[in-house]
Amino acid sequence: MEERVNGCMERSMSGKPLALDSREMKAFVTYISFLSQGIPVGATVQGAGMVQSKMPNRRADTVAGGKVYEAKCAVCHGADGQGLRAGKVGDAQGYTFPPLWGNDTFNNGAGMNRLIMATRFIKHNMPLGASHEAPQLSDDEAYDVAAFMLSKPRPTKANLEVDFPARWNKPVDSAFPPYLLGATPDQHRFGPYPPLVEKQKQMVEQLKAGAAAERANAAAKSAR
Ligand code: HEC
């Protein structure tokens, strides 16, 4: 649990890990245990995770996304993406509207830096007031505006390539190495995703077939 919280500190918050015995870490862990009171381990909780939505089978269009941004997001997050501070720089009061790019936002190792993830979050939560039941953007608009946001500069996290050393279980929209065979960094970053999902499925099948053949081989050997 502490590791998971520190994952958010180092990625979503683009900050430093908390000491495991710090007051803040104890508070986070205690609050999470409090929230899960009475819920069986492994149960599916309503509101957890991201609602599925369909990814258009094309590369995302950041120019079209910029137009959506200007029309539906800039009023709160700013034309320059820097959001609106609650107080002054350095007073730790945070933001009324968070920045979406630049130095003070999530880094490239955050879940939000993945296009499928960001598309689903935006589709079901933005502009503020949108909900799972009543989204305000089409699948295309959410996909393009998310790509526009992710095309902008943000802090970088070191050593991302060790996050998913194997290709078969690495999310197709994480835009750092290792890449799927024959896929470009750009396709991992901006789609189209359905061909990557298909490629990964074939890879898993090949790995399974290989493992089954190995088992059969070993069984035949020991029978001899
Ligand atoms: C009426 C104001 C408003 C508008 C318009 C709005 N947002 Fe937001 N947005 C917010 C607020 C407030 C939050 C913080 C929500 C929270 O912390 O629960 C937020 C959070 C976000 C986040 C999460 C940021 C992070 O660091 O995790 C993203 C991404 C985002 N908005 C994208 C968009 C996009 C894209 C649009 C346009 C389609 C949009 N927003 C329109 C107010 C707005």
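How far does a polar side-chain atom of His-77 lie from a nitrogen atom of the ligand? The distance is 2.8 Å, within the 3.5 Å limit that defines a polar contact as a pair of N or O atoms.

## Basis of the model

This is a predicted model, in which local features need pLDDT of at least 70 and side-chain atom pairs count only at pLDDT 80 or more, while totals for chains, interfaces and linings use all residues. Residues are numbered from 1 along each chain as its sequence is written, and side-chain values use heavy atoms, with hydrogens and water left out.

Helices (H or I, at least four residues) and strands (E, at least two) are DSSP runs, numbered from the N terminus.

His-77, through NE2, and Met-126, through SD, coordinate the iron atom of the ligand at 2.0 to 2.2 Å, donors being N, O and S atoms within 2.8 Å of the metal (3.2 Å for Na, K and Ca). The six donor atoms subtend angles of 85 to 179 degrees, so the arrangement is octahedral, a class that requires opposite donors over 155 degrees apart and all others between 65 and 115. Because His-77 lies in helix H4 and Met-126 in the loop between H5 and H6, the pair ties together parts that are 49 residues apart in sequence.

Terms used
Polar contact = N/O pair within 3.5 Å; in protein donor to acceptor, adjacent residues only side chain to side chain. Tetrahedral: all angles 85-135°; square planar, octahedral: opposite > 155°, others 65-115°.
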